[in-house]
Amino acid sequence: MLKLLIILLQSLLFAVSAHTAARENLGEGDLKALYDQMEPSIGIIFEFKQVKNISALSRPLVSKGTVHVVDSDTVNWHQTLPYSMMMSFTPKGMLECLHDCKGKTATGNSNPFAVTLSKAFIGLLTGAPEQIEVFFTINIEKNEQGSWQLSMAPVDPMLSGIIKEITLQGGQYLREVQIFEVSGDNTLMEFSNHHKSLNAEPGTN
Amino acid sequence: MRNRTKAFLYCLVIISLAALAFLRVDPKGPIDLNILSLLPTNERDVVVEQAAGSIAQKINRNHNYLIFSAGKETAKKSALIAAEIMKDSDLYSDIKVMFDGPESKNIGSFYFPYRYRLVDIGAADQTRDERLVQEAIKQLYSPMGGGMGALFPNDPFFLFSHFLSKNFKDNQRTFTIEDGMLIKTTSDLTYVYIQTTLRDSPFNLEIQEAVDKLKTSLLSGLNGESQTLTAGIIEHAIMGSKNAEAEIALVGGVSILGILIVILLIFRSITPVLGSLVTIILGLTVGFSLTLLIFGQVHIITLVAGGSLIGISIDYSSHFFADVFRQKNGWSPSVALDHIWQGIFLGLITSVLAFSALLIAPFPGLKQLAVFSIAGLLGAFGAVIFLLPLLTARMHVHQNPAILSHLKLWVAWWQLNNSRSLQSIVIVVSIVLMSAASVLLKSDDDVRMLQAPAPEVLADETQLKSLLNQNFGTQFILVEGATAEEVLQNEEYLIEVLSELDWPQGNQPNWLGVSSFIPSIKKQENNLKLVASLGHPKDEGVINRLAESVGLSDTVIDAFNTEIDNSSTIPLTFNSWFISPILPDIKRLWVGDTVRGKASIVLLRDGLDSNVISAITGPIDNVRYVDNVAEISQTIKTYREKAVYLLIIGYVIIAATLFRRYGASGTVSVVLPPFAAVATTAMLLVFLGEVMNLFTLVGLILVLGIGIDYTLFYREARRAKPSTMLAIFLSMSSTVLAFGLLSFSSILAIHSFGITVLIGITIAFLLAPMAGTSVSST
């Protein structure tokens with residue numbers, strides 16, 4: 001058991017690897033072309049509902065709130081249910097904002113793995129394909145109504161020790177993200193009600 | 001003993017000396033290029049010295065590269081090619097281009113079993129408990145908590161994640177690992193980091209040349225596809241050596257050439273030129289050999305400054321050859337020698353006395369300079385006494401040089417005007433100038449005057465440091481203890497005290513010490529005790545509160561309590577941490593065994609207020625704040641202040657020696673011109689905007705020594721003879737040529753030395769006739 005955990009930790013720690021092979025594995029369309037077809041996500045606010053199924057817990061963790069894609073480097077995650085919490089995803093890691101995300105007095109998770117995941121998350125939500133291609137092999141499926149499904153598998157063998165697959169679905173906007181972990185845990189994120197920000201939630205400095 | 005036998009014996013002594021010196025050469029080579037070896041060593045505490053040496057040796061060999069290109073793939077490919085070229089060069093003991101090796105990967109597996117011992121969660125109270133529960137919940141709800149769920153049953157409060165966040169957030173925050181390489185991408189460029197460790201000291205000349213060649217190979221190997229940024233002490237050392245070589249060539253070459261041209265113009269014969277050349281060469285040979293014999297190496301700065309020895313050593317041959325203008329009817333070398341012998345011997349004694357003063361200073365550089373100069377002067381003196389009479393037996397000089405008439409005019413002016421009242425005026429003016437200069441001349445004792453960092457090297461270094469977020473400076477805190485455990489406990493206490501203050505928060509921590517990565521056993525036991533309290537009382541502990549909030553099963557709670565029990569039996573020992581392959585860079589902060597026990601270093605970030613740190617660390621036992629640059633600069637300041645007393649004592653000793661021979665009035669005539677020269681020079685330095693440092697003082701001591709030579713020659717000649725005037729003129733021109741060139745040096749210390757002697761000697765020359773002319777009572 002301990003050995004398994006150690007392998008897991010190794011993966012957690014230094015599991016990032018660039019992989020150019022990702023481009024070769026693209027399915028029907030190019031990822032950049034897909035993002036180009038979508039509405040620009042910078043400055044957009046949308047609602048989320050997240051359901052996490054963790055095997056060690058007897059019930060799923062459900063949360064709701066809004067996401068604000070501030071700029072290409074900052075995504076603010078404002079959870080309102082079951083309790084209020086604001087987080088900012090930046091290339092430096094996941095920072096917890098104390099009041100709003102303006103201040104610098106944020107604490108959070110900045111270990112190497114958190115930094116990597118934060119970057120991947122920004123890449124997913126801001127539509128920066130180059131950020132995503134670093135971490136995953138991508139397969140795209142499109143249908144005639146303009147919606148699409150994207151499945152991503154970690155390219156690094158160690159990273160793939162934690163995350164089995166991530167699937168994304170959307171049309172004009174990203175609508176759903178599902179993260180399947182090797183341990184059997186999974187997370188479903190649903191996004192809705194996309195609208196332009198009125199500078200309600202400025203980004204971190 | 002016949003002259004030829006004496007000459008033979010003299011040559012034999014020099015050859016033997018050179019041979020012995022050759023055998024004594026340090027394995028690192030005859031030339032010492034390390035700027036640090038100029039600094040005093042016996043002034044500091046032995047453990048501080050060991051710690052400073054330990055960290056300097058480790059840092060000195062670091063050589064960092066950034067390979068960059070517009071394309072990411074090109075940059076990565078180039079980095080691999082560059083690493084291969086570096087391997088082929090055999091210059092480095094370690095080349096690291098892949099950063100996902102076992103030493104990084106093992107960090108997780110190494111620390112995980114001890115996770116409950118690594119983090120101080122704080123004393124049990126409601127606020128702490130609430131904070132821990134809330135943080136765990138936030139982590140679970142976090143949208144990017146991938147993998148955390150799997151870890152959760154084995155670390156429900158995510159303490160290991162806290163440990164990693166706190167201690168492993170340096171390079172990773174600006175650089176990411178891609179394909180195992182550390183990479184940073186900006187809007188237009190991608191940088192790949194390569195860390196190397198030199199096999200040998202960066203001050204080894206062969207290493208410097210090899211690194212220079214390697215950089216050329218890299219340039220051609222990368223085919224212009226990528227470029228390199230480099231930083232490390234080696235870069236400064238290479239540039240320093242190049243500058244010093246250029247300056248030695250300039251000072252040595254131009255001054256020899258200039259002096260020989262002056263001799264040729266005056267004597268219109270090749271014999272004095274060759275004779276002077278022999279004197280210079282033998283002087284330098286003896287100086288170099290004896291310095292090597294005593295020190296094993298000759299420092300590059302000694303060579304640069306010692307190159308100006310040429311200017312003094314030629315004095316003796318100048319007096320010898322100038323005697324040709326005294327003996328109008330057929331010149332005899334032995335008569336010339338008899339005539340000048342006493343004057344140049346007294347001159348040698350006073351110069352040796354002046355240089356001996358430098359031996360008292362604890363600066364190895366100044367000691368070397370003193371040994372080099374004293375030996376060189378003795379060698380040159382021997383050459384004049386033993387060799388020149390043989391080499392110049394057939395010398396013919398045809399006419400008096402044109403300069404002589406001008407010199408005669410100058411001496412004639414002194415003849416007319418030298419009086420007690422004039423001397424009194426000179427004394428008063430000199431005292432006024434000296435007093436004014438001592439107030440107005442600003443002092444600067446910064447040790448960095450010993451080097452002149454090239455702007456291009458500094459620019460590369462600054463850019464690389466900013467890209468890598470490397471901001472630790474030369475200041476550190478030394479922590480001591482009887483055992484490793486005690487050192488760690490003392491370091492933990494120090495960091496606790498430091499953390500209580502409000503410090504600027506940057507991308508990097510404000511300090512870096514081993515205890516963050518290997519807590520003391522005492523600390524570990526305490527941490528574990530605090531974590532264990534989360535499971536108590538049974539069924540009502542903080543873990544139960546967390547379980548209620550998120551639906552944690554009883555199995556996880558039981559596993560947590562069992563794990564705490566297991567942890568209590570396996571502390572992380574210092575030895576097992578130290579011998580593990582992880583974190584080699586952090587282990588460099590461990591000084592190890594010292595005369596008092598064990599020690600470690602806590603590095604401090606650049607720009608932290610040294611006064612605050614000094615005030616905090618002062619009262620803490622076994623802890624000592626060391627600011628290398630400030631401490632050495634302070635030592636230089638102390639010795640500058642001491643050098644002033646040295647100058648006064650030197651004056652008094654020389655005056656007392658001369659008093660027996662010349663009486664009160666004669667002594668004043670001999671001592672006054674160099675004193676006036678020193679005073680005027682000091683004031684002129686104020687007007688020129690120069691700063692006073694230890695090397696200015698050394699220059700003034702030399703002005704005193706050489707200036708007295710001039711007045712002695714006039715005094716010994718009884719009246720100003722053309723030969724004396726010419727000899728002193730020759731001496732002055734050669735000294736000015738040699739030292740004047742030093743004032744163009746890019747190294748502030750050498751520049752200060754050069755410009756002081758240049759001005760001082762010129763004034764001493766102009767005032768010297770005061771000693772050789774009769775003094776009227778008016």
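**Figure 1. Helix 15 of chain B in a predicted model.** Helix 15 of chain B covers residues 333–360; helices (H or I, at least four residues) and strands (E, at least two) are DSSP runs, numbered from the N terminus. At 1.5 Å a residue, its 28 residues should span 40 Å, and the end C-alpha atoms are 39 Å apart, which agrees. The expected span is 1.5 Å times one less than the number of residues in the helix. At Ile340(B), helix 15 of chain B bends by about 45 degrees; the bend is the angle between axes fitted to the seven residues ending at a residue and the seven starting there. This is a predicted model, in which local features need pLDDT of at least 70 and side-chain atom pairs count only at pLDDT 80 or more, while totals for chains, interfaces and linings use all residues. Residues are numbered from 1 along each chain as its sequence is written, and chains are lettered from A and ligands numbered from 1 in the order in which they are written.

Figure 2. Ala370(B) counts as buried, with 24 C-beta neighbours inside 10 Å. A residue is buried if 20 or more other C-beta atoms lie within 10 Å of its own, exposed if 12 or fewer, and partly exposed in between, with C-beta atoms placed from the backbone. Leaving aside residues up to four places away in sequence, Ala370(B) touches Phe355(B), Ser356(B), Leu358(B) and Leu359(B); contact means C-beta atoms, placed from the backbone, within 7 Å. Ala357(B) is 13 residues from Ala370(B) in sequence, and their C-alpha atoms are 8.2 Å apart.

**Figure 3. Two sides of helix 2 of chain B.** The 15 residues of this helix, 46–60, should span 21 Å at 1.5 Å a residue, and its end C-alpha atoms are 20 Å apart, which agrees. Its buried residues are Ala51(B), Ala52(B), Ile55(B) and Asn60(B). They lie on the same side of helix 2 of chain B because they cover an arc of only 150 degrees around the axis, the arc being that of the directions from the helix axis to the C-beta atoms. Val46(B) and Gln57(B), on the other side, are exposed.

Figure 4. Phe158(B) is buried, with 23 other C-beta atoms within 10 Å. Asn223(B) sits in the loop between helix 10 (205–221) and strand 7 (227–231) of chain B and is exposed, with 9 other C-beta atoms within 10 Å.

**Figure 5. The largest nonpolar core.** This core has 119 residues, and those with the most contacts inside it are Val698(B), Val703(B), Ile761(B) and Ala764(B). A nonpolar core is a set of buried Ala, Val, Leu, Ile, Met, Phe, Trp, Tyr and Cys residues joined through C-beta atoms within 7 Å. Helix 27 (residues 628–687) of chain B supplies the largest share, 18 residues. The core lies between domain 1 (1–32 + 268–399) and domain 2 (402–458 + 629–778) of chain B, because both give residues to it; the domain bounds come from an automatic or database domain assignment. Among the residues that Ile761(B) touches are Val703(B), Met732(B) and Phe739(B).

Conventions. Contact = placed C-beta atoms within 7 Å.
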